[in-house]
Amino acid sequence: MSSSSECDERTMREIYFPAFEQAVKEAKPWTVMCSYNRINGVYASENPWLLTDVLRKEWGFDGYVVSDWGAVSDRVAGVAAGLDLEMPSSGGVNDRKIIEAVRAGRLDEKLVDLACERILNIVFRYLDNAKPETPWDKEAQHRQAAEIAAECMVLLKNEGGILPLDKADDIAFIGEFAEKPRYQGGGSSHINSFRTTGAAEAAKGLKVTYTRGYDVAADDAPEALVAEAVAAAKQAKAAVVFAGLPDSYESEGYDRSHMRMPDCQNRLIEAVAEANPNTVVVLYNGSPVEMPWIGRVKAVLEAYLGGQAVGEATVRVLFGDVNPGGRLPETFPLKLEDNPSYLYYGGEGDATEYREGVFVGYRYYDRKKMDVLFPFGYGLSYTTFEFSGLRLSAEKIKDTDTLTVKATVKNTGSRAGKAVAQLYVGDPESTPIRPVRELKGFAKVALQPGESKEVSFTLDKRSFAYWNAQIHDWHVETGVFTIEVGASSRDLPLKAEVRVESTVELPRHYTMDSIFLDILADPKAKAAIMPMIRKTMEIFGSQERDQGTEAAKEAITEDMTMAMMNYMPLRGAFSFGTGISAEEAEALLKKLNGET
């Protein structure tokens with residue numbers, strides 16, 4: 001609650017800001033809550049760059065900012081930065097500090113008035129929009145919760161098409177989560193649901209037998225419960241084990257130290273899979289888990305934390321009333337140690353450095369070409385899909401233009417289902433270090449068997465840009481970009497290229513310590529310096545050949561000489577007898593910098 005997240009601006013802008021930026025700009029929220037921690041040494045509750053410059057001036061937020069509970073360190077600094085409401089109340093302590101600061105001239109009273117005005121604006125906005133007569137149909141919302149949960153579930157494995165299950169078959173439901181599902185986050189995110197439906201309850205009327213399997217509270221699977229589960233599994237056509245992470249394994253206020261599920265649940269899954277080859281695992285969890293049993297079960301359904309009707313939703317998917325159409329919003333690594341932040345997260349002292357930079361999640365795994373358990377964007381269906389016909393509206397655009405990308409998705413299976421077409425953009429020859437590809441759009445389409453639909457995406461400057469810290473803005477580097485479309489970050493059958501021309505010229509300044517590689521990347525500077533480079537290469541190459549052995553003379557080529565020169569500073573060229581005077585060198589430097 002007091003640690004400092006040390007993170008460069010490019011990483012914040014490209015990775016951590018976009019979701020908030022989109023929500024503020026498009027959804028127009030009335031309130032925003034600031035976090036507990038410091039960002040680069042400054043508490044979020046008193047950070048004018050975050051609360052005023054970015055949130056309000058850049059993104060146009062017009063509501064009020066409230067603190068997380070107990071997140072205020074310096075209330076006076078918070079008012080000055082743009083924090084409007086402190087929660088919970090300090091019992092008047094901080095109110096008196098604000099009054100004292102105003103009277104002492106340390107805080108402008110106009111800022112206090114502004115905080116009050118922002119809060120009152122939202123109060124009045126609420127009164128203007130309040131609809132107390134709105135009916136609250138809890139049963140209808142429960143049904144809607146089930147529909148949404150089913151829509152979001154991700155089918156990770158379905159060997160031999162074991163799913164969907166046949167309602168006429170004897171099925172064993174095993175695991176306490178089938179009766180009492182883990183369906184929401186921990187800590188203060190808990191809500192009081194008026195009703196919770198588990199899968200065992202939702203399956204009443206079907207030929208389903210339920211056994212407890214393990215004890216969540218004790219985090220144990222006694223032999224008696226395992227034996228009962230194994231017996232039920234042997235009598236069933238298929239066994240479904242409901243597993244996942246208890247509240248104690250993941251919650252607010254602390255981070256997970258491993259990716260393991262409870263040992264008792266892993267042992268249960270192994271025992272059931274040995275008793276019945278048609279074993280299915282349903283997971284209720286808020287984040288990725290290791291799956292040491294993945295090779296011994298036929299199917300895995302990732303249900304995440306699906307809300308109060310998650311059991312009903314799970315049964316609908318298991319028995320085919322709903323065809324799963326969810327896709328993974330994260331990569332499932334093979335193990336915790338594969339995570340890009342593994343070596344550094346937790347920090348030293350009271351700070352955590354985000355050393356992985358922009359290489360978070362799939363951006364890291366794809367760049368490293370690492371094996372993963374399941375890739376970002378992955379998800380199976382009870383039908384199959386085909387992607388074809390990738391078309392771009394242009395082969396070349398300026399960064400001020402938009403590009404339309406279209407592709408066709410076809411349901412090639414025998415069931416109706418939903419495909420998620422994902423579009424990724426890459427910059428293979430980028431000067432700044434960038435991921436291999438980044439998701440820039442996706443479209444979910446419902447298709448009947450044999451049906452085809454066209455999906456369309458519009459890409460703008462941000463789709464090709466990176467955050468340039470030099471100009472403090474988004475910048476597109478002139479070059480050829482890849483456009484890929486497919487089913488996940490690692491299943492992209494469609495690929496095309498577009499050339500994007502930058503309309504912004506970055507400011508450049510060269511010194512005698514600038515290396516040739518950087519100078520040659522600038523077309524204008526390259527034209528000015530090429531005569532000297534050719535002369536230097538001739539002299540350098542001849543010197544190396546004259547002084548070397550016969551074998552060295554044969555090995556020294558123009559490509560080798562140029563490669564060596566790439567990392568030579570400008571001043572180094574004058575050490576090889578080029579005959580350029582100090583005055584001529586200064587004149588050349590001015591020309592490179594556009595001063596003459």
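**A helix, a loop and a sheet**

Mentor: Leu127 sits in helix α6 (residues 109–129). Helices are DSSP runs of H or I, at least four residues, and strands are runs of E, at least two, numbered from the N terminus. The model is predicted: local features need pLDDT of at least 70, side-chain atom pairs count only at pLDDT 80 or more, and totals for chains, interfaces and linings use all residues. Residues are numbered from 1 along each chain as its sequence is written, and side-chain values use heavy atoms, leaving out hydrogens and water.

Trainee: Is Leu127 buried or exposed?
Mentor: Exposed, at 54% relative accessibility. Buried means under 20% relative accessible area, exposed over 50%, partly exposed in between (1.4 Å probe, protein chains only).

Trainee: New topic. Where is Asn285?
Mentor: In the loop between β10 (279–284) and β11 (299–302). Asn285 is buried, with a relative accessible area of 0%.

Trainee: Which side chain does the Asn285 side chain join in a polar contact?
Mentor: That of Glu302, at 3.2 Å. A polar contact is a pair of N or O atoms within 3.5 Å; within protein, one must be able to donate a hydrogen and the other to accept it, and residues adjacent in sequence count only if both atoms are side-chain atoms. The Asn285 side chain also reaches the backbone oxygen of Ser287 at 2.7 Å.

Trainee: And the open sheet, what's the strand order?
Mentor: β4-β3-β1-β12, four strands with mixed pairing. β4 (42–43) and β12 (351–353) each have a single partner strand, so one side of each lacks a neighbour in the sheet. Strands pair if DSSP finds at least two bridges between them.
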